[in-house]
Amino acid sequence: MSNVNEILAANEGYAAAFGDKGALSHDPARRFAIVTCMDCRLDPAKFAGLLEGDAHVIRNAGGRVTADVIRSLLISYEMLGTNEWFIIQHTHCGMQGFTNEEARARFAADAAKQGIDAVEAHYIDFMPISGTIEENLVRDVSRLRHHPLVPAAITIHGYIYDVHTGRLIVSEEAERIGAAK
C-alpha cells in the first residue's frame, strides 16, 4: 500500500547522480515562475522544458491564484528576481463540476462517519472552477494584475494545458490583461 520503499530507492539513485546541483542558486536562472495545478497528468519540467534551477514552480489544486500563491509570487519577484509569471491551468480539471457547498457537505459526511466535527470545512474556500477554464484563468490573471503589490513591470502569462495533447494554448484575453505596463 505504501510507496515509501520505491520513493527511497528512487531518491538513492537521484542522490548518487546529484553532482554539483547543491551549488544551484535559489534565484531561478531563467527568471520566471509558473503557477499550475497539482494534477498528476501535468509535469511542468517536461511541458515547459525546465531543468533544476530554471524557474519557481508553484502548484495547488486547480492552479488557482490564492493568497498564498500571491505571497509566493511576490517573494519570487522581490527577493529572488523573477520578472515573468505563467499561470497555467488545464483542461478536464478535477476542480470543475462541484461547488464549495458540495465539497463542505462531503467533508461533513466523512466526519460524521468518523464521529468528528467538520466545522472547519465551512471556513475553507475550496476554490472550485466555475464557468470555463479560460474564464477562470482570465479571472485569476486579472486578480494578479490588479493586486496592489504586483508591479506593473511583471509580465503575467495565461495558458491552458491540454491534457489530451500536451500542448499549451494561449489565452489571448489573459495575455492582454497580464501584459507588462
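A nonpolar core is a set of buried Ala, Val, Leu, Ile, Met, Phe, Trp, Tyr and Cys residues joined through side-chain atoms within 4.5 Å. The views below are taken from a predicted model.

**View 1. The largest nonpolar core contains 36 residues.** Among its members, Leu73, Trp85, Ile87, Ile88, Val141, Leu144 and Ile156 touch the most other members. At least two residues of this core come from each of β1, β2, α3, β3, α5, β4 and α6. The surroundings of Ile156 can be followed individually: beyond residues up to four places away in sequence, Ile156 touches Trp85, Ile87, Val141, Leu144, Arg145, Val150, Ala174, Glu175, Gly178 and Ala179.

**View 2. Five strands form an open sheet in the order β2-β1-β3-β4-β5.** The pairing within this sheet is mixed. Strands β2 (55-60) and β5 (168-170) each have a single partner strand and stand at the edges, so one side of each is left without a neighbour in the sheet. From one strand to the next, the twist averages 25°.

**View 3. Strand β1 is paired with β2 and with β3.** β1 (residues 32-37) runs parallel to β2 and is joined to β2 by 6 bridges. The pairing of β1 with β3 is also parallel, with 5 bridges. In β3, Thr36 stands opposite Ile88. β1 is mostly covered, with 6 of its 6 residues buried.

**View 4. Helix α3 packs on the sheet.** This helix (residues 67-78) touches β1, β2 and β3 (84-90). The direction of α3 makes about 175° with that of β2. Ser72 is located in α3. The relative accessibility of Ser72 is 19%, and a residue is classed as buried under 20%, so Ser72 counts as buried. Between Ser72 and Val57 the C-alpha to C-alpha distance is 9.9 Å, at a separation of 15 residues in sequence.

**View 5. Helix α5 lies across β3 and β4.** The helix comprises residues 133-145, and β4 comprises residues 155-161. Helix α5 runs at about 165° to β4.

**View 6. Ser171 is in the loop between β5 and α6 (172-178).** Ser171 counts as buried because its relative accessibility is 0%. The side chains of Ser171 and Glu134 are joined by a polar contact of 2.8 Å. When neighbours within four places in sequence are left aside, the contacts of Ser171 are Glu134, Leu137, Val138 and Gly158.

**View 7. His92 and Met127 have positive phi values although neither is a glycine.** His92, with phi near 50°, is found in the loop between β3 and α4 (100-114). Met127, with phi of about 55°, is placed in the loop between α4 and α5. The relative accessible area of Met127 is 17%, so this residue is buried.

Conventions:
Residues are numbered from 1 along each chain as its sequence is written. This is a predicted model: local features need pLDDT of at least 70, side-chain atom pairs count only at pLDDT 80 or more; totals for chains, interfaces and linings use all residues. Side-chain values use heavy atoms; hydrogens and water are left out. Two strands pair if DSSP finds at least two bridges between them. Helices (H or I, at least four residues) and strands (E, at least two) are DSSP runs, numbered from the N terminus. Axes are lines fitted to C-alpha atoms, for helices over the stretch in contact, and angles run from 0 to 180 degrees between N-to-C directions. Contact means heavy atoms within 4.5 Å. Buried means under 20% relative accessible area, exposed over 50%, partly exposed in between (1.4 Å probe, protein chains only). A polar contact is a pair of N or O atoms within 3.5 Å; within protein, one must be able to donate a hydrogen and the other to accept it, and residues adjacent in sequence count only if both atoms are side-chain atoms.
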